[in-house]
Amino acid sequence: METRTILKKLRSTVQRPTGGGEIDLVWDGAFIRLEFNCSCLSALPFCKGACCRQRSGYAVELEEDELEKFEHKEHPHRPGVQILRTKENGLDCIYLDGKTSMCTVHRDKPRMCQQWHCSPGGEKQDEKILRRDAGWLLMPMRREEAELVQINLGGK
Ligand code: SF4
Ligand code: SF4
């Protein structure tokens with residue numbers, strides 16, 4: 001049985017500098033999540049660059065030829081693996097502009113960043129994106145609770 005339900009479409013508020021897309025609040029049967037099926041630039045007002053900040057448990061790994069270009073440190077649990085340095089809070093990427101949520105090395109960012117989008121259909125047309133996630137999970141939720149959220153948001 002199909003349980004994926006779009007609780008609210010947020011795309012009408014998306015700026016579309018790179019060709020449009022959609023932002024949906026989705027209930028998948030167990031969790032509510034935000035799907036940014038659009039360019040990162042369009043998603044920024046909503047996501048605030050969440051993939052680049054508060055990255056506990058997630059690290060950008062660098063390849064050998066990237067080590068000269070980017071500030072790095074050794075992975076805390078995987079000896080020999082080099083990862084991007086974080087700011088003093090130990091979470092935000094060192095290259096994130098905290099005010100604008102923009103990447104300050106965007107034009108030449110690490111390969112792992114170039115290959116990443118946080119949502120399944122995000123930037124579909126970009127062939128460089130090889131790693132996709134399912135969007136940002138907000139909380140575990142039963143259907144009745146999800147429907148309440150939908151009502152409160154004036155969903156659909
Ligand atoms: S990958 Fe996701 S969280 Fe990161 S900037 Fe793009 S839309 Fe935002
Ligand atoms: S280099 Fe840029 S895209 Fe990669 S994590 Fe840092 S701020 Fe984000």
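Author: Helices (H or I, at least four residues) and strands (E, at least two) are DSSP runs, numbered from the N terminus. Residues are numbered from 1 along each chain as its sequence is written, while chains are lettered from A and ligands numbered from 1 in the order in which they are written. This is a predicted model, in which local features need pLDDT of at least 70 and side-chain atom pairs count only at pLDDT 80 or more, whereas totals for chains, interfaces and linings use all residues.

Reader: In what order do the elements of the chain run from the N terminus on?

Author: The secondary structure of the chain consists of three helices and eight strands. Read from the N terminus, these elements follow the order β-β-β-α-β-β-α-β-β-β-α.

Reader: What percentage of the 156 residues of the chain counts as buried?

Author: A residue is buried if 20 or more other C-beta atoms, placed from the backbone, lie within 10 Å of its own, exposed if 12 or fewer, and partly exposed in between. Within strand 2 (residues 21–27), six of the seven residues are buried. For the chain, with its 156 residues, the buried share is 26%.

Reader: Why is strand 3 described as largely enclosed by the rest of the structure?

Author: Strand 3 covers residues 31–38. The description applies because the buried residues of strand 3 number seven of the eight.

Reader: Which residue in strand 2 does Ile6 stand opposite?

Author: Strand 1 (residues 5–9) runs antiparallel to strand 2, and four bridges join them. Across from Ile6, the residue in strand 2 is Val26.

Reader: Which helix gives the most to the shell around ligand 1?

Author: A residue is near a molecule if its C-beta atom, placed from the backbone, lies within 6 Å of it. Around ligand 1 stand Phe36, Cys40, Ala43, Cys47, Gly49, Ala50, Cys51, His117 and Cys118. Three residues of this shell, the most from any element, belong to residues 40–47, which form helix 1.

Reader: Which cysteines are among the residues that surround ligand 2?

Author: The surroundings of ligand 2 include Val60, Leu84, Tyr95, Leu96, Val105, Lys109 and Pro110.

Reader: Does Glu63 count as buried or exposed?

Author: Glu63 lies in the loop between helix 1 and strand 4 (72–74). The C-alpha atom of Glu63 is separated by 8.9 Å from that of Ile83, 20 residues apart along the chain. Because Glu63 has 10 C-beta neighbours inside 10 Å, this residue counts as exposed.

Conventions:
Pairing = 2+ DSSP bridges.
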